Amino acid sequence: MKDAWRLFISKSGDTLSPRRSKTSLITAGLLALNFLVSSTVDAETQDAKAYGYSDRYGELTPTEVFSLVKNLDAILMHYAYRYKPQLTSSLPRKIIPVQGYSPDRVFVALTGLSKRLNVLADDYGVPRVQKVLREQDKAIPAEVFLLAGYCLDTLAHILSVMEPENSFGDFYNNRTYRRPKTPSDVYALVDLIDRKLIVLLGEQVQQIE
């Protein structure tokens with residue numbers, strides 16, 4: 001899985017070029033997903049079926065979702081330091097731990113986050129975050145992963161418009177962790193990102209309240 005992900009990263013700088021369309025960005029996210037679900041499951045991801053299995057996407061764990069959301073946090077901080085340096089000292093940095101949360105709860109949180117990202121997308125003429133529909137009543141990790149990926153793609157697209165000389169493939173990393181992450185861990189990180197985005201958007205956030 002790690003080698004496949006590196007192969008994706010080596011090509012993703014081109015993929016995220018402003019010359020590429022939104023379709024290319026989303027394709028990049030789907031390629032990343034395919035690399036993950038087609039690879040052998042590591043020992044740390046053995047909790048896959050505890051959170052759901054999709055015939056369409058296969059197995060995907062909260063740990064892999066957490067890794068992707070961590071990339072979203074990293075690219076948001078790049079945006080903050082580069083374009084809102086006067087606000088960086090005001091950004092929340094502390095994760096608020098929660099327990100017993102489901103993947104669906106994370107999906108709902110990401111949906112709210114995507115609405116805030118759409119404010120930025122509109123400002124820079126970038127297509128909005130693509131929506132993900134649940135296969136069943138409750139979202140599973142694969143669907144959470146897709147939505148997080150679309151959020152990441154949109155923010156990367158925004159930055160590629162702002163910095164056409166740069167590529168952002170480094171923000172598509174596959175991180176590993178000593179202990180498997182849970183949906184609660186993912187939720188807490190999404191919540192932190194959302195609180196940061198509220199500060200960065202300032203008055204603009206009123207557009208979606």
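**Exercise 1.** Determine which ring Arg 105 lies over at 4.1 Å from the ring centre.

*Solution.* In this predicted model, Arg 105 lies over the face of Tyr 101, at 4.1 Å from the ring centre. A charge sits over a ring if NZ of Lys or CZ of Arg is within 6 Å of the ring centre and within 35 degrees of the ring normal. The charged end of Arg 105 also sits over the ring of Tyr 187, 5.6 Å from its centre.

The model is predicted, with local features requiring pLDDT of at least 70 and side-chain atom pairs pLDDT 80 or more, while totals for chains, interfaces and linings use all residues. Residues are numbered from 1 along each chain as its sequence is written, and side-chain values use heavy atoms, leaving out hydrogens and water.

**Exercise 2.** State how many aromatic pairs the whole structure holds, and describe the pair formed by Phe 66.

*Solution.* The search finds 3 aromatic pairs (ring centres of Phe, Tyr and Trp, the last by its six-membered ring, within 6.5 Å; planes under 30 degrees apart are stacked, over 60 edge-to-face, the rest tilted). Phe 66 pairs edge-to-face with Tyr 177, at 5.2 Å centre to centre and 85° between the planes. Phe 66 belongs to helix H3 (residues 62-83), whereas Tyr 177 is in the loop between helix H5 (141-162) and helix H6 (183-201), 111 residues apart. Helices (H or I, at least four residues) and strands (E, at least two) are DSSP runs, numbered from the N terminus.

**Exercise 3.** Decide whether Phe 66 is buried or exposed.

*Solution.* Phe 66 has 7% relative accessibility and is therefore buried (under 20% relative accessible area; exposed is over 50%, partly exposed in between, with a 1.4 Å probe and protein chains only). Tyr 177, at 19%, is buried.
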